[in-house]
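Let's take a friendly walk through a protein model, one feature at a time. Keep the 3D view open as you read.

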Amino acid sequence: MNRKGSPRVPCYLALAVITLIAGLVLGATYRLTKDPIAVQERRKAEMARAAVMPEADAFRLLETAGDAQVDWVYEALRDGACVGYVAQGTDRGFGGEIEVIIGLRTDGEITGVSVGGANFSETAGLGAKAKDAAFTDGFVGKRAPLTVVKAGETKSESTVDAITSATITSKAVNDTVTRVSEAVRALVEPRENAEGDAQ
C-alpha cells in the first residue's frame, strides 16, 4: 500500500498490459494492410514484366525445376499467343544481391532488362548505374551470350558496354542475362518440341 491507502500496481503487470495492447494493435494493423500490400506487390510485379516485354498483354507463370537457374519464368502472351518470355535471375554483384528481370522474344532476342531488387545495394554513382537505361538498353535487340567490354575495347553485336568503374556489377548483370536466357531456352525448347509432335 502506498501512503494514500490505494493498492500499488506492480511494474511487470503494467508492462504486460502495455505489451498485450501493442500486440493487438499490431495484429489488427497487419490484417488491415495485408491484402492492399499484396495487391500493390502484384501490380508492381506486373509492371516490371510489362516494362521488359511491352508487346505482351498477359503473362502466364511456367513451372520450373528446382535447379533451373532462374527465380521464375512467365510466358508472355499477346491475344493468347506466345510472343516471348519474361524471367528473373539473381546474382551477386559488388555490393550484394542483384535481381535481373529479362524479356526474351521466342527467338531469344532480348526485349528489355530491369535491374534491382529488394536487396540491391551497389555503390551509388558507380554500380548503382546498372539500374539506368543507359546500361540496360545496351542489351535490347541482342541475343545471349554477351560479353562486357570496357571503354576502348572492341565492340560488336555480342558485346555490352561496362559501367565505368563498376566492372564487377556489369559482369554480374551480364552473367545473369546469359544464364537466364540459356535457362529459358532449355525450359521452352522441350515444351515447343512436345507441342510440335502433338500436332
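The report below goes from the overall layout to a few particular residues.

## The overall layout

What you see is a predicted model. The chain contains three helices and seven strands. Followed along the sequence, these elements come in the order α-β-β-β-β-β-α-β-β-α.

Of the 199 residues in the chain, 32% are buried. The chain exposes about 12400 Å², and carbon and sulfur atoms supply 55% of that area. Contacts also reach along the sequence: among those between residues at least 6 apart, 47% join residues at least 24 apart.

## A nonpolar patch on the surface

Next, look at the surface. Tyr12, Leu13, Val17, Ile21 and Val25 form a nonpolar patch there, and together they have about 510 Å² of accessible area. One of these residues, Val17, belongs to helix α1, which covers residues 11-52. With a relative accessible area of 43%, Val17 is partly exposed.

## Ser170, a buried serine

Is Ser170 buried or exposed? Its relative accessibility is 0%, so Ser170 counts as buried. You can find Ser170 in helix α3, which spans residues 167-198.

What does the side chain of Ser170 reach? The backbone oxygen of Ala166 is 2.9 Å from this side chain. A polar atom of the Ser170 side chain also lies 2.8 Å from the backbone nitrogen of Ile163. Leaving aside residues up to four places away in sequence, Ser170 touches Phe135, Val148, Ala162 and Ile163.

## Salt bridges across the chain

Now for the charged residues. Side chains of opposite charge can pair when their charged atoms come close. How many salt bridges does a search of the whole structure find? The search finds seven.

## A network around Arg143

Which residues are linked in a network of salt bridges? They are Glu55, Arg105, Asp107, Glu109 and Arg143.

As for accessibility, Arg143 is partly exposed at 41% relative accessible area, and Asp107 is partly exposed at 45%.

## Cysteines and disulfides

A disulfide is a covalent bond between the sulfur atoms of two cysteines. To count as one here, a pair of cysteine sulfur atoms must lie within 2.5 Å. By this rule, the count is zero disulfides.

Where do two of the cysteines stand in terms of accessibility? Cys11 is exposed, with a relative accessible area of 66%, whereas Cys82 is partly exposed, with a relative accessibility of 30%.

Notes. Residues are numbered from 1 along each chain as its sequence is written. This is a predicted model: local features need pLDDT of at least 70, side-chain atom pairs count only at pLDDT 80 or more; totals for chains, interfaces and linings use all residues. Side-chain values use heavy atoms; hydrogens and water are left out. Buried means under 20% relative accessible area, exposed over 50%, partly exposed in between (1.4 Å probe, protein chains only). Helices (H or I, at least four residues) and strands (E, at least two) are DSSP runs, numbered from the N terminus. Contact means heavy atoms within 4.5 Å. Accessible areas come from the Shrake-Rupley method with a 1.4 Å probe; for residues, only the protein chains shown count as cover. Patches are made of residues with over 30% relative accessible area and no salt bridge: like charges are joined within 9 Å, nonpolar side chains (Val, Leu, Ile, Met, Phe, Trp, Tyr) within 5 Å. A salt bridge is a side-chain nitrogen of Lys or Arg within 4 Å of a carboxyl oxygen of Asp or Glu. A polar contact is a pair of N or O atoms within 3.5 Å; within protein, one must be able to donate a hydrogen and the other to accept it, and residues adjacent in sequence count only if both atoms are side-chain atoms.
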